[in-house]
Each structure stands twice: as C-alpha cells, then as structure tokens.
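Subject: Handing over a structure to explore

Hi there,

Here is the structure I promised to pass on to you. Please open it and keep it beside you while you read.

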Amino acid sequence: MNVQKVDKRLLAPVLAGFFIMGFCDMVAPISGRIAAEFGPARQAAVSFLPTMVFLWFLVLSTPVAALMNRWGRKRTALLGYAFTVVGLLVPFAAGRGCSLGWYFAGFGLLGIGNTVVQVAVNPLLATIVPAERMTSYLTVGQIFRNCSLLLVAPLVTLLVAWTGSWRLLLPIYAGLTVAGGVWLQLTEVAEPERTERAAGALDCFRLLGNRAVLLSTLGVAAFIAADVGVGFLSVRLIDNPSSILTTTGFYACRIVGTLVGAWVLARYSDLKYLGWNMAGALVLTVALLFIRSEWAIYAAIGLLGFAMACVFATFYAVATKAEPERANGVAGLMIMAISAGALSGPVCGAIIRATGNPHLGMLYVAVLVGYMLWASFRLGER
C-alpha cells in the first residue's frame, strides 16, 4: 500500500475534532462581553475566566495521556466531547443575568472537555497520516480550529443584533459538538498497535530530558499564552462595541497564514519558517505598544495572526519526531503546555488595572514571542 495515501473518510471526522477544539478559545474575547454584565468590583474575577479553561490542561493532560493507552484514542475523544457539551450548556441553562459562578463552572467543564479532546485528537490524526506529512496535516487541522474561532465575532455580532445577547452562541457550539461526536462514533478509526507501553505521568515528564521535547513544550506554552493574551487584549485596544471584530481579522489572517504555511512547510524547513514568522511577530507586538489608530490596530492584529499560524503544528511535530515511539506521552506534554494560557487573563488584566493602558499588555506577548524566536534557532541547531 502507498504510505502517502490518506483515507479522506477517516480524516474528515478527525479534522472536525480540531474545529471543536477551537470552542474553548472563545472565552478570552467573550470575557469582554461578560465583564459588561458585572460591576467594577467583579472585573478582576472576570479576568480569571480564561484561567478556568486552561488550568485543566496542567492538571489532566498527562494523566489522560496515560489512561488513553487503555481507553483508546477515539473513546477518549468522545469523552472530551461530552464534557464540552455540558460545559457549554451550564451557563446557558443558568439564564441571562446569572451569577459569575455559573460561568466559572461551565468554563471549567469546557476546559476539562477540551483538554481530553486535544490529548486524543492530535495522536488520533497520527494514526491516519504518515509521519513525514504530520506537520502539514497538523497545519490543516489548525485551519479547521481557526475557522471555529473566526466565526466567534460574526456570530456574536449577529446574535446581539437579533436577540440583544451573545448567549445563544453556547447552545450553537454545543449542538456542533454533538454532531461531531456522532460523526466520529460512526467512523471506524483503527487504533494503533500498542507498541508504546502504558505511561504514567512521571514517564511523560521524563521526556523533557530530550532537549527538543523540552524546548518544544515550552514553545507551545509560550504560543498558547501569547494567543490567549492577544485574544484578551485585542478587544480592549479599540474602545467601541465592534472591537470584538479584531478577533475576526486575527483568525482570518491566521487561516491565510496556515494555508500559506501548509504549502511552505511541504518545501522548506519548518523551523526556519517558524523563525521568520516569530521575527515578524516580535516587531508587530512592539508596534502595538504605540499604535492608536483603529485601522492600524486591525492591520497589526491581522498580521500577527498570520505570523502565528503554524507555531503549534511546528513545535508539536518537532517533539513527536524527536520521540516517535512515545507519541502519547509527547501529546500529554504538549497539551499540558496549553495550561500556560491560564496566566494570560490575570496577567493582562493586572497590567490594564495597574496602568489603565491595555496597549502595555503587549509587553507580556512580546516576551513570549521572543522566547519562540529564540527556541526556533536553538532547535534548528540540531
């Protein structure tokens, strides 16, 4: 059999899982809408809502990766879908004007579900596509994820215009998650032979002794923290109700960047391409410290989305290729690194409250981009 051939019937429902992954990332831009429902005394608490999503990546990713050896990747993904549906419906069922605690509970369950989904779906993709094409297909998966993020701002804008509230977004995403789960359940995806022994959490952490895995894990952590930071800050850089559309520009340009990246990565070094993009991203984050023009902010945020398009896929693929026989353990570490997104809301919120200037929050993003630029050079030395 030609090892290059990929069964599209198996690929489609797995790529739908990447679309569902994006649902948790709506919390950062939506936090601005939620903040408007509460008084000044609760704003610090609202800034912790993204933390409730990303905290679980730290707590659960490596244990789930270990248990996935017994459960199987498909069953693990379906469990994550179930948590995602419940997490989305809890704050919606609580009703408009509900207490902040319902948002914390719902987004906490959403974070648990998303952790499980990401631990399972990335290695599930690896069972379908050949190893030498993993970076390209992970990049395609990120296109599907970014599409779900691209829809957030237009959907919220339409829902507010039609109903006066953004909250119907929650059951819409829950329904799409159910549809994705049914599709995956009806698809026969073969589990790989279990040549990798059942790993515990400590076994996953031992993989950090491999320098490529360590630098890539920290790279994913920096990327997610920067991504959440941009989502949190971008809606606050422009002082008008349409500011959430900055996220549309960010993710639209990321999709373009992902398409361009899929072509480039098939022809050139993924680490060199990462370095070029991070150099550009660093310039943009510094520029956003000073830019005040609305159109310039939209443009800079969009270009930043383009530059950050292929970061996760590159770091994940580099780590997987460094330890190909321990893909589940690598997946656990990569997804654990996503917990770094929990820092962004509190840190950026604290900077804004301390200075009264959301633009200064981009300093936090600039430091993270600087690490990714450095890591791309160090990994390229191997």
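**Before you start**

This is a predicted model, in which local features need pLDDT of at least 70 and side-chain atom pairs count only at pLDDT 80 or more, while totals for chains, interfaces and linings use all residues. Residues are numbered from 1 along each chain as its sequence is written, and side-chain values use heavy atoms, with hydrogens and water left out.

**Cavities**

Rolling a probe the size of a water molecule over the atoms shows where empty space is left. Here a cavity is a set of points, on a 1 Å grid over the protein atoms alone, where a 1.4 Å probe fits but cannot get out; lining residues have an atom within 4 Å of a point. Grid points are joined across faces, edges and corners, and a volume is the space filled by probe spheres set on the points.

The structure has two cavities of 30 Å³ or more. The largest has a volume of about 60 Å³, and its lining is made up of D25, Q142, R145, F223, I224, D227, R254 and F312. Two or more residues of that lining come from each of α7 (134–150) and α11 (211–237); helices are DSSP runs (H or I, at least four residues), numbered from the N terminus. The most comes from α11, with three residues. By class, this lining has three nonpolar, one polar and four charged residues. For these classes, Ala, Val, Leu, Ile, Met, Phe, Trp, Tyr, Cys and Pro count as nonpolar, Asp, Glu, Lys and Arg as charged, and the others, Gly among them, as polar.

The second largest cavity has a volume of about 40 Å³. Look for D25, A28, F54, D227, V228, G231 and Y251 around it. Here too α11 gives the largest share, three residues. Four nonpolar, one polar and two charged residues form this lining.

**Helices that pack together**

Two packed helices are described by the angle between their axes and the distance between the axes. Axes are lines fitted to C-alpha atoms, for helices over the stretch in contact, and angles run from 0 to 180 degrees between N-to-C directions.

Start with α8 (residues 152–163) and α12 (residues 245–265), whose axes come within 7 Å and cross at roughly 150°. That angle makes α8 roughly antiparallel to α12 (over 145 degrees counts as roughly antiparallel). A153, P154 and T157 of α8 meet L245, T247 and T248 of α12, where contact means heavy atoms within 4.5 Å. This contact has three nonpolar, three polar and no charged residues.

Next, α15 (residues 311–322) and α18 (residues 362–380) pack at about 35°, with axes 12 Å apart. The contact joins V311, F315 and V318 of α15 to M372, A375 and L379 of α18. Its residues are six nonpolar, no polar and no charged.

Finally, α11 packs with α18 at an angle of about 155°, their axes 9 Å apart, which makes α11 roughly antiparallel to α18. Their contact divides into 17 nonpolar, three polar and two charged residues.

Enjoy exploring!

How values were computed: 1 Å grid on protein atoms, 1.4 Å probe; cavity = no way out; pocket = protein on both sides within 12 Å on 5 of 7 lines; lining within 4 Å. Parallel < 35°, antiparallel > 145°, perpendicular 65-115°, else oblique.
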